[in-house]
Amino acid sequence: MAADTEAVFPRLCDFDRFEGMIRNAGGTVERTDPAGAPAAGSRWAGDVTFGGRVWRFEGTVDRMEPPRGYVTRGLSSGVQIVIKVTCATLASGRSRVTVSVELSPKTLAARVLLKPISMGQASIEERFDRRVGAFLREVEQDIGAV
């Protein structure tokens, strides 16, 4: 990405923007802790539709380390979701952004829910990569417009 981490990181943790993206996709989300800048301990709850099913979720920022990254942890229908976002400085004012999502079943029912996802993993990863790439291009354009 053609910007340094100091410029990129605030856009990577723009949780108001993420809330808007969830709402635009037909989901609901609300912050469940006192407002303010997102930090370790910030919490959200809501629901999203995925695979023809409504998934209720709760999420928390586990770790916030500006401008290097953050980790969020959530739970939905017995599935633990860990999202890690890292931002590394490269030479000449560039950054490398890495986003990973880990899904772990915590119940037998969650294992059954995740089975179809694991069978279509390549397709889901491809869609995820495209969406993250599009988001990062938007971030890069936003920084260039400033």
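How many bridges pair strand 4 with strand 5, and in which sense? Strand 4 (residues 69-76) and strand 5 (residues 79-89) are antiparallel and share 8 bridges. Before we go on, note that this is a predicted model, where local features need pLDDT of at least 70 and side-chain atom pairs count only at pLDDT 80 or more, while totals for chains, interfaces and linings use all residues. Residues are numbered from 1 along each chain as its sequence is written, and side-chain values use heavy atoms, leaving out hydrogens and water.

Strands (E, at least two residues) and helices (H or I, at least four) are DSSP runs, numbered from the N terminus. Two strands pair if DSSP finds at least two bridges between them.

Now look at the hairpin of strand 4 and strand 5. Arg 73 has Val 82 of strand 5 as its bridge partner. The hairpin has 2 residues between its strands, and Ser 77 takes a positive phi near 50 degrees there.

Strand 5 also runs antiparallel to strand 6 (residues 95-105), joined by 11 bridges. Ala 88 stands opposite Arg 96 in strand 6. This hairpin has 5 residues between the strands, with Ser 92 at a positive phi near 55 degrees.

Step back, and you can see an open sheet of 6 strands, ordered 1-2-3-4-5-6 with antiparallel pairing. Its edges are strand 1 (28-31) and strand 6, each pairing on one side only.

What lies across strand 3, strand 4, strand 5 and strand 6? Helix 1 (residues 5-12) does, running at about 160 degrees to strand 5. Here axes are lines fitted to C-alpha atoms, for helices over the stretch in contact (heavy atoms within 4.5 Å), and angles run from 0 to 180 degrees between N-to-C directions.
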